[in-house]
Amino acid sequence: MDIFYTSGVQFAETLQGTLPGLEDFWLWVTFFGDPKCVFIIYFPLAYFLLDKKIGLTVLWLGLISEWLNLTSKWLLFGERPFWWIFESGFSKKKDFFFRQFPSSCETGPGSPSGHCMITGAALWPIVSILARQIAQNSKSWIMRAVPFTIYFVLLLLIGLSRIFILAHFPHQVIGGILAGISLGWLLQSWVPLERGFRFYLMTSFSLGLSATAIYWTLITLGIDLNWSMKLAVKWCENPKWIHMDTYPFASLCRDTATVLGLGLTFHSSSYTQLKLERLGWLQRGWCAILSLVILYFLSSIAQPQGVALWYGLNFVKYASFPWIVISLLPKAIQILASPGIPSHTE
């Protein structure tokens, strides 16, 4: 693997050396590739601006691919550039100047790239529906290719941003992109929509239990799954850049909470009242805007330092996100809507 790591670090060095004035651009790109954005940006936008089923598909693909990414990283043991250059002795072989960024110091293993894999899987149904809609209204193959072209360019930019900030090697990015595309294509037609509450409860429990079982099985076999966290803490330039939401079980907490939140939302009295209603375009637009503001605010508020309290608060927070998007905001907009903007019964 040293061949891949060495060539990957040299490529990152080239990116940082030839694109020195684009740091802010790459940091924004890596933000929009963050798996968290599936829950706070892509899900509500798809839900309100495209179709409810597409929005739920985006959410399901995001959380399932995130669970798969977590377990894959435990098994593949991928290094990350920001610590490998020091641990391997590469830093002593030549003069170099690498920059770390607040997003560089991920604490989990690096293979495959979660940003590319999870975002790639979650955005696939959006690209698919847009391509189908364009195909129905245009015979031009160029127009039909636009959604997938934008999709591939976005994944490429996300991958380059991860290499630029020393969070991933190129082969990890390529693996993440291929895995994300494959998962999106394979799973989009198998996504469960509205099921009984027991289904959501058991799915949430199964995701948590299975990941925990894999974790402790590997620990029992003598594999130290905290090795990456130790290296991240050791070689991160600024200790404040080590965030608890990059810990492996943070993503598991997010996934299990979201599934449970979906079950609670679909079986709430407020959703039952809204089920047969279809919001007008202006109402949906306001719901989309408010959901972005509220979910981003909730995801960005200061977090407690205690580990147990942090996980508990995040579980409650992510369990509430489906309810806010699917039930709370549409109901609030319906109440506040003027008589001239009626909702429509499906």
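Mentor: Start with Arg162, which touches Thr30, Arg80, Ser103, Glu106, Ser113, His115, Ala167, His168 and Val173, leaving out residues up to four places away in sequence; contact means heavy atoms within 4.5 Å. This is a predicted model, where local features need pLDDT of at least 70, side-chain atom pairs count only at pLDDT 80 or more, and totals for chains, interfaces and linings use all residues. Residues are numbered from 1 along each chain as its sequence is written, and side-chain values use heavy atoms, without hydrogens and water.

Arg162 sits in helix α8 (residues 141-164), helices being DSSP runs of H or I with at least four residues, numbered from the N terminus. Arg162 is buried at 1% relative accessibility, where buried means under 20% relative accessible area with a 1.4 Å probe, protein chains only.

Arg80 lies in the loop between α4 and α5 (81-87) and is buried too, at 2%. Beyond neighbours within four places in sequence, its contacts include Lys73, Arg162 and Phe169.

An unreviewed UniProt entry lists Arg80 and Arg162 under "binding site"; such annotations may be inferred rather than shown by experiment. They are spread over 83 residues of sequence, yet the largest C-alpha distance is 10.3 Å. Both Arg80 and Arg162 belong to the lining of the largest pocket. That lining has 48 residues, with Asp34, Lys36, His243, Asp245 and Thr246 nearest the centre. A pocket is an open set of points on a 1 Å grid over the protein atoms alone, where a 1.4 Å probe fits, with protein on both sides within 12 Å along at least five of seven lines; lining residues have an atom within 4 Å of a point.

Methods: Helices (H or I, at least four residues) and strands (E, at least two) are DSSP runs, numbered from the N terminus. Buried means under 20% relative accessible area, exposed over 50%, partly exposed in between (1.4 Å probe, protein chains only).
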